[in-house]
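Visitor: I'd like to learn how to read a pocket, a core and a confidence score. Please show me the model.

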Amino acid sequence: MRFRVLLASAAALIALAPVATATATAAPAASGVAEVAAALKKAPVYVDPGAAGQLSAAQADALAKKIKDADRPLFVAVLPATSAFPKDTLLRNLRTDTGVTGLYAVRLGDAFNAGADRKVMSQQAVENLKSAVRAPGTATDASTQLNAFVDQALPTMRGHAPSSWGGGSGSNGGVSSAALIATGAVVVAGGAGAYALVRRSRRKKAEEERAALQRLQVVVDEDITAFGEELDRLDFHPAEAGADDAMRADYERALDSYETSKSLMAAAQHPGDVRGVTQALEDGRFSLATLAARREHKPLPERRAPCFFDPRHGPSVQDATWAPAGGAAREVPVCLADATRLRDGQDPMVREVDTDQGRRPYYDAGPAYGPWAGGYFGGGMLPGLLMGTMLGSMLSTPAYAADYGGADFAGQNYDGGDVSGADFNSSDFGGGWGDGGGGGDGGGFGGGDW
């Protein structure tokens, strides 16, 4: 009797499996950003009728399928350059109206721009991707440019496709026909044995998580302590002579980062939770560097990645050529002290951590340090910086690359693809369209590329 019930359950699951649907949203005439946002809630690619000559229906469907198959919150809009879509506010308003944390790419006439929530991709990574698809000599037609951007963005961005898309390509409600059929087969064939196997797998994964988090705890506590010591050494008092509101704001941000890092580490349950801790520390160190420059009446520092060799060295000041033992040379962000050492033919001061084989550089210490490094160096930078190292090899595998440890250590959620409404950092959106036009769109991107 029980077996017949299981068969019936499987049959019901299979019967519910939907037929494939189109992956790109059919494009009714859009009167403005709100209509485009409504379309993007239903599918990852929207082509306005006024821009239909730029991207055919078949090309749009293929691009949408690629995004849905990757299960990433990447939104693409192809729009005409009209007053309905003002450059100054387009990206920011599109993100607000769509209300989903993600990466947004817009082709507006012949211009291109993109923006992302930091939880999904770092600002620097988005800038690098935009530069790559706009580089002189690259094809400028919409299909080639958008596919190039999507192909480079998908492996390095974080998050999941929004549930409003109905799951992956040719699916509905987030569950594909193949998945439903497979689920039914497991129910029928596996029974209690399959359940026991799943439980053992979960226990093993939980043990791996605990061991990895214990390793990270030591390193992160060292980072937090070092940052607290930097705060003390700075010896800034908000009421001191010469202090102004800008200095006090820098100091307040640094203090907030310090407290945030401590509270996030205290609440960490999974290795991936450490990413938020090191992000907070990176923000705090930049605030301290800015405060120090104001007090000394020096030019404010450029917002750069921390020193690759040891983020405790603070924000980098330049890129330098470096190669790991037996690896290829690459450009890495370095502090002034390490830049001098490299120039003089000396070894940089590399952050080492404890391993079963003794003290090792963090990039040769195993997969647990992926979330730690990812919080410091952001989405698109890390794989290139770490190529040829043990950690870099882990990041390049499909199971590990997407979330810097998220697939290997269950339980973390970067919120990409979740509905967050207007709750996002507007400075993460906007910037230059690369066409000499005007506008700001939040001011977070651009870097003078108008």
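Visitor: Which residues line the second largest pocket?

Guide: A pocket is an open set of points on a 1 Å grid over the protein atoms alone, where a 1.4 Å probe fits, with protein on both sides within 12 Å along at least five of seven lines; lining residues have an atom within 4 Å of a point. Here the lining is Ala 289, Pro 301, Glu 302, Arg 304, His 313, Gly 314, Pro 315, Ser 316, Val 317, Cys 335, Leu 336 and Ala 337. This is a predicted model: local features need pLDDT of at least 70, side-chain atom pairs count only at pLDDT 80 or more, and totals for chains, interfaces and linings use all residues. Numbering runs from 1 along each chain as its sequence is written, and side-chain values use heavy atoms, without hydrogens and water.

Visitor: Which residues have the most contacts inside the largest nonpolar core?

Guide: Such a core joins buried (under 20% relative accessible area, 1.4 Å probe, protein chains only) Ala, Val, Leu, Ile, Met, Phe, Trp, Tyr and Cys residues through side-chain atoms within 4.5 Å. In this core of 51 residues, they are Leu 103 and Met 121. A second, separate core has 42 residues, including Val 332 and Tyr 362.

Visitor: What is the mean pLDDT?

Guide: pLDDT is the predictor's confidence in each residue, from 0 to 100. The protein's mean is 79, and 73% of its residues reach 70 or more. Over residues 442–450 pLDDT stays under 50. That stretch has 38 contacts (heavy atoms within 4.5 Å) beyond four places in sequence.

How values were computed:
Buried means under 20% relative accessible area, exposed over 50%, partly exposed in between (1.4 Å probe, protein chains only).
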